[in-house]
Amino acid sequence: MRKIIYTIIVFVMLIPFVVSCSPKTGNSIPANAVVKATDEDAKILVESPMTLSNSSCTFNGKPAYLRLKMVKGKYYEDWSPGPLMGTLWEGYYTMELADESGNTVMQTDFSKLYNSGREPLTFRSSFDMEFEDYNGDGDMDFTVGQYASSNGREYKLFTLRRDGKVEELLVKDYPTLFISGTTGYYSTRLTKIDNVTFKREYYDNSVGKHFEDIFQWNGNAFIHINNQERKDFDD
């Protein structure tokens with residue numbers, strides 16, 4: 001009788017070990033298992049253009065929005081240390097003017113305007129465009145820039161015409177303006193001297209000094225009229 005009781009006790013004690021060693025079924029995953037997402041799992045469905053800037057503005061005296069939208073390209077993340085670490089929107093963009101109700105008034109192929117569509121534009125985040133009238137014609141002007149170095153970014157200057165089209169405001173002999181002192185990362189407000197003149201500040205790494213350039217509107221383009229070192233930046 002004792003042998004029977006002893007056998008039953010041993011059997012009961014072994015049940016948990018037998019169960020734990022049995023093949024698992026269903027959705028159970030071993031704690032040390034490495035789970036890899038399949039290509040199908042990694043896909044993200046995007047059902048509309050991706051808006052990087054939705055900036056409030058005024059168009060013909062009425063409230064409006066100027067929107068920068070990626071219409072072709074890719075969104076991805078890169079967490080390797082570097083200037084473009086983080087979330088990235090890389091592709092081709094349109095600039096859309098919308099009325100107060102959100103209805104599209106006009107669209108401009110912004111990538112074609114920016115660099116003839118030769119290279120995709122890359123942004124790490126959404127941003128607001130900084131508006132100002134730099135040439136005294138009553139139209140809103142703004143800058144859009146791209147990363148250049150740790151010392152600054154390369155900006156181009158644009159204007160919103162009365163028909164809703166976005167056009168580049170030419171700066172003679174300067175395809176872009178490298179600017180170090182900025183009010184925003186992807187769009188910066190330029191420092192106005194008067195209604196038709198502005199200046200840009202930048203750091204020249206080759207000589208280790210800060211400079212400022214002054215540009216003035218001549219009716220067709222901004223022309224460079226002065227350059228000087230910024231002494232107040234010296235150590």
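This is a predicted model: local features need pLDDT of at least 70, side-chain atom pairs count only at pLDDT 80 or more; totals for chains, interfaces and linings use all residues.
**Ground rules**

Buried means under 20% relative accessible area, exposed means over 50%, and partly exposed is whatever falls in between, using a 1.4 Å probe and protein chains only.

Residues are numbered from 1 along each chain as its sequence is written, and side-chain values use heavy atoms, with hydrogens and water left out.

**Salt bridges**

There are 13 salt bridges in the structure, each one a side-chain nitrogen of Lys or Arg within 4 Å of a carboxyl oxygen of Asp or Glu. Take R189 and E132: their closest N and O atoms are 3.5 Å apart. This pair links distant parts of the chain, 57 residues apart, with R189 in the loop between β10 (177–179) and β11 (191–194) and E132 in strand β6 (residues 131–132). Strands here are DSSP runs (E, at least two residues), and they are numbered from the N terminus.

Now for a buried example. D213 bridges to R200, with the closest N and O atoms 2.7 Å apart. D213 sits in strand β13 (residues 209–217) and R200 in strand β12 (residues 197–204), so the bridge ties together parts that are 13 residues apart in sequence. Both D213 and R200 are buried.

Which residues do salt bridges with shared partners join into one network? They are D137, D139, R161, R162 and E167. One of the bridges in the structure pairs R161 with E167, at 3.0 Å between the closest N and O atoms. R161 is partly exposed, with 23% relative accessibility, and E167 is partly exposed too, at 32%.

**Aromatic rings**

The structure also holds 17 aromatic pairs. To count, rings of Phe, Tyr and Trp (its six-membered ring) need centres within 6.5 Å; planes under 30 degrees apart are called stacked, over 60 edge-to-face, and the rest tilted. F198 and F222 are edge-to-face, because their planes sit at 70°, with ring centres 4.9 Å apart. The two are 24 residues apart in the chain, F198 in strand β12 and F222 in strand β14 (residues 222–229). F198 is buried at 0% relative accessible area, and F222 is buried at 0% as well. Both belong to one aromatic cluster, together with Y134, Y174, F215 and W217.

Some rings have a charge over them, which takes NZ of Lys or CZ of Arg within 6 Å of the ring centre and within 35 degrees of the ring normal. K74 lies over the face of Y76, at 5.1 Å from the ring centre. R153 does likewise with Y185, at 4.0 Å.

**Around F123**

Is F123 buried or exposed? F123 counts as buried, because its relative accessibility is 0%. This residue is in strand β5 (residues 121–123). Setting aside neighbours within four places in sequence, F123 is in contact (heavy atoms within 4.5 Å) with L52, L68, T87, L88, W89, Y93, V144, G145, Q146 and Y186. As for G145, it lies 22 residues from F123 along the chain, and their C-alpha atoms are separated by 9.3 Å.

Conventions
Helices (H or I, at least four residues) and strands (E, at least two) are DSSP runs, numbered from the N terminus.
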